[in-house]
Amino acid sequence: MVLGILGSGSGSNMQAIFDAITAGTLAARIALVLSDNPDAFILERARRHGIATGLIDCHGFKTKFPAEAQQETAACLQAAGVELVCLAGFLRLVKQPLLGAFPKQIINIHPSLLPAFPGLESWQQALTAGVAETGCTVHLVDAGMDTGPIILQQAVPILPGDSAASLHARIQEAERRLYPAAIAKLAASRG
Ligand code: GRF
């Protein structure tokens with residue numbers, strides 16, 4: 001399974017996927033890491049591991065993912081032979097034409113037990129709602145926000161005295177196990 005990873009931030013999920021491949025628990029290869037943020041640590045991590053990187057030019061838009069930029073992204077991923085696109089902390093909403101270029105081949109990790117708490121700062125949403133547990137979800141990306149079919153989920157307890165930061169850190173620990181496992185599950189189901 002040839003992977004392309006898109007991220008805007010630290011890249012801890014990309015690191016976990018890389019580590020699982022290195023450890024032999026995930027039969028895959030990361031062909032390309034792309035970011036919309038030239039300063040994102042995910043790019044630095046990728047370079048350190050000798051993985052090809054690229055910058056997505058969103059033409060000055062802060063949150064929008066312009067169609068032209070999506071087209072360029074799709075072309076880069078296709079040229080690298082990518083079979084599965086993994087969003088890992090990528091902060092823009094993927095739409096057409098990128099979705100159409102990789103039908104049922106784009107997945108995302110989200111820090112809640114979807115369909116609960118889609119959108120931003122899901123750990124804070126869970127704390128505010130007063131639920132006993134939250135978690136993380138890997139799902140196929142469709143045209144909605146955090147709405148596609150679920151591949152794998154992991155529950156994370158909310159402990160007495162949890163702050164937004166402590167809960168987020170516990171969810172991220174779970175994410176680092178869940179994302180490689182979800183990719184392996186998808187690869188196995190697709191032969
Ligand atoms: C993760 O918490 C993920 O759930 C969310 O963005 C964060 C990315 O972290 N979508 P990292 O860049 O993989 O460290």
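Helices (H or I, at least four residues) and strands (E, at least two) are DSSP runs, numbered from the N terminus.

The model is predicted: local features need pLDDT of at least 70, side-chain atom pairs count only at pLDDT 80 or more, and totals for chains, interfaces and linings use all residues. Residues are numbered from 1 along each chain as its sequence is written, and side-chain values use heavy atoms, with hydrogens and water left out.

Around the ligand you will find Gly9, Ser10, Gly11, Ser12, Asn13, Gly89, Ile109, Pro111, His168, Gln172 and Glu175; a residue is near a molecule if one of its heavy atoms lies within 4 Å of it. Which element gives the most to this shell? That is helix 6, with three residues. By class, the shell holds two nonpolar, eight polar and one charged residues. Here Ala, Val, Leu, Ile, Met, Phe, Trp, Tyr, Cys and Pro count as nonpolar, Asp, Glu, Lys and Arg as charged, and the others, Gly among them, as polar.

An N or O atom in the side chain of Ser12 is 2.5 Å from an oxygen atom of the ligand. For the side chain of Gln172, the corresponding distance to a ligand oxygen is 3.1 Å, and for that of Ser10 it is 3.2 Å. A polar contact is a pair of N or O atoms within 3.5 Å. On its own the ligand has 370 Å² of accessible area, and the protein covers 84% of it; such areas come from the Shrake-Rupley method with a 1.4 Å probe.

Next, two places where the backbone turns up something to look for. The peptide bond from Gln96 to Pro97 is cis, with omega near 10 degrees, and Pro97 sits in the loop between strand 4 (84-87) and helix 4 (98-101). Leu114 and Pro115 are also joined by a cis peptide bond, with omega about 15 degrees. Pro115 belongs to the loop between strand 5 (106-110) and helix 5 (122-129).

That loop between strand 5 and helix 5 also holds Phe117, a residue other than glycine with a positive phi near 55 degrees. Is Phe117 buried or exposed? At 17% relative accessibility, Phe117 counts as buried, because buried means under 20% relative accessible area, with exposed over 50% and partly exposed in between (1.4 Å probe, protein chains only). His59, not a glycine either, has a positive phi of about 55 degrees, and at 38% relative accessibility His59 counts as partly exposed.

Definitions and conventions:
Polar contact = N/O pair within 3.5 Å; in protein donor to acceptor, adjacent residues only side chain to side chain.
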